[in-house]
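Reader: Hi! I have a new structure open and would like to talk it through with you. Can we start with the strands and work outwards?

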Amino acid sequence: MREKEIKKYTKLNELAEPNGIVIFGGGEDKSIPIGELRQAFALESNIYNRSFKNISINDAVKLYDECIASLAPETILIHIGDTDKHFFTETPAAFDNKFRELIAHIKSHNKNCRIAIMSLRNYNNNSQTEQINKHLKYIADSEMCEYCDIANKKLWNPKSTKDAISFIYSIGFVYPLKK
């Protein structure tokens with residue numbers, strides 16, 4: 001099944017323009033409506049979704065090479081870890097190292113790529129997910145990547161909103177609308 005997805009993404013990459021924004025995540029990320037996002041926010045950057053169902057951090061470097069590297073993304077949003085909860089529980093240091101390997105690999109192929117690590121959703125305040133998110137934040141900070149916290153449902157948090165809008169604007173997502 002994954003080979004079919006890889007072939008599909010490889011074919012799409014032949015038509016794609018480099019230097020866009022790539023979403024690299026798990027199953028739920030596959031259904032992000034890229035076209036609608038681009039239209040609703042008047043985005044000028046190309047956005048590509050290269051997400052896989054049940055992606056593991058253990059497979060991420062290989063999948064990056066096969067499906068993302070040729071796009072030479074300006075920005076990559078990484079949302080991986082949900083299927084790695086058992087791996088994290090067994091060996092948190094190995095989980096962290098795999099994430100660092102992915103980041104180093106991306107930077108070695110594309111020195112100018114901006115990397116953002118997305119937290120895992122944690123609407124039920126699961127302690128294991130909370131621990132993974134702490135590790136993801138630490139990895140993002142130590143590897144000089146952006147960290148986007150989407151863990152909890154919040155009605156509105158002005159500081160978080162300001163930080164999120166600032167990041168989105170800084171990567172070229174938002175351009176002032178012309179009258």
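**Strands, core and helices**

Author: Happy to! Keep in mind that this is a predicted model.

Reader: Okay, and how many bridges join S4 to strand S5?

Author: Three bridges join S4 to S5, which covers residues 146–148, and the two strands run parallel.

Reader: What about S3 and S4, how many bridges are there?

Author: Four bridges link S3 with S4, and this pair is parallel too. Within the pairing, Leu 77 stands opposite Ala 116 in S4, while Ile 78 has Ile 117 of S4 as its bridge partner.

Reader: And S1 and S3, how do they run?

Author: S1 and S3 run parallel, joined by five bridges. For instance, Gly 25 stands opposite His 79 in S3.

Reader: So is S3 mostly enclosed or open to the outside?

Author: Five of the five residues of S3 are buried, so this strand is largely enclosed by the rest of the structure. Thr 75, Leu 77 and His 79 point one way from S3, Ile 76 and Ile 78 point the other way, and all are buried.

Reader: How many residues of S4 are buried?

Author: Four of the five residues of S4 are buried, so S4 is also largely enclosed by the rest of the structure.

Reader: Let's zoom out. How many helices and strands does the chain have?

Author: The protein chain has seven helices and five strands. Following the sequence, the pattern reads α-β-α-β-α-β-α-α-β-α-β-α.

Reader: What share of the residues is buried?

Author: Of the 179 residues in the protein chain, 40% count as buried. As for the surface, the chain exposes about 10,600 Å², and carbon and sulfur atoms supply 55% of that.

Reader: Now the inside. Which residues have the most contacts in the largest nonpolar core?

Author: Those are Phe 24, Ile 76, Ile 80, Phe 99 and Leu 102, in a core of 34 residues. At least two residues of this core come from each of helix H1 (2–15), strand S1 (21–25), helix H3 (60–67), strand S3 (75–79), helix H5 (92–109), strand S4 (114–118) and helix H6 (127–142).

Reader: Which element gives the largest share of this core?

Author: That is H5, with five residues. Apart from this core lies another one of nine residues, including Ile 23, Ile 34, Leu 77 and Ala 116.

Reader: You mentioned Ile 76. What does Ile 76 touch?

Author: Leaving out residues up to four places away in sequence, Ile 76 touches Val 22, Phe 24, Tyr 64, Ile 68, Ile 106, Cys 113, Arg 114, Ile 115 and Ala 116.

Reader: Let's switch to H3. Which of its residues are buried?

Author: In H3, the buried residues include Ala 60, Leu 63, Tyr 64 and Cys 67. They cover an arc of only 105° around the axis, which puts them on the same side of H3.

Reader: Why would residues like that point the same way?

Author: An α-helix has 3.6 residues a turn, so residues three or four places apart point the same way.

Reader: Nice! What covers the buried residues of H3?

Author: The cover includes H1, S1, S3 and H5.

Reader: I noticed some cysteines. How many disulfides are there in the whole structure?

Author: A search of the whole structure finds zero disulfides. Cys 113 is in no disulfide, and the nearest cysteine sulfur, belonging to Cys 145, is 8.9 Å away.

Reader: Is Cys 113 buried or exposed?

Author: Cys 113 counts as buried because its relative accessibility is 8%, below the 20% cut-off. Cys 67 counts as buried too, at 0% relative accessibility.

Reader: Last topic, the glutamates. Is Glu 5 buried or exposed?

Author: Glu 5, which lies in helix H1, is buried, with a relative accessible area of 9%. Not counting residues up to four places away in sequence, Glu 5 touches Lys 30, Ser 51, Phe 52 and Lys 53.

Reader: And where is Glu 28 found?

Author: Glu 28 sits in the loop between S1 and helix H2 (34–40). Glu 28 is exposed, with a relative accessible area of 54%. Its C-alpha atom is separated by 8.5 Å from that of Ser 51, although Glu 28 and Ser 51 are 23 residues apart along the chain.

Conventions: Residues are numbered from 1 along each chain as its sequence is written. This is a predicted model: local features need pLDDT of at least 70, side-chain atom pairs count only at pLDDT 80 or more; totals for chains, interfaces and linings use all residues. Side-chain values use heavy atoms; hydrogens and water are left out. A disulfide is a pair of cysteine sulfur atoms within 2.5 Å. Buried means under 20% relative accessible area, exposed over 50%, partly exposed in between (1.4 Å probe, protein chains only). A nonpolar core is a set of buried Ala, Val, Leu, Ile, Met, Phe, Trp, Tyr and Cys residues joined through side-chain atoms within 4.5 Å. Contact means heavy atoms within 4.5 Å. The arc is that of the directions from the helix axis to the C-beta atoms. Two strands pair if DSSP finds at least two bridges between them. Accessible areas come from the Shrake-Rupley method with a 1.4 Å probe; for residues, only the protein chains shown count as cover.
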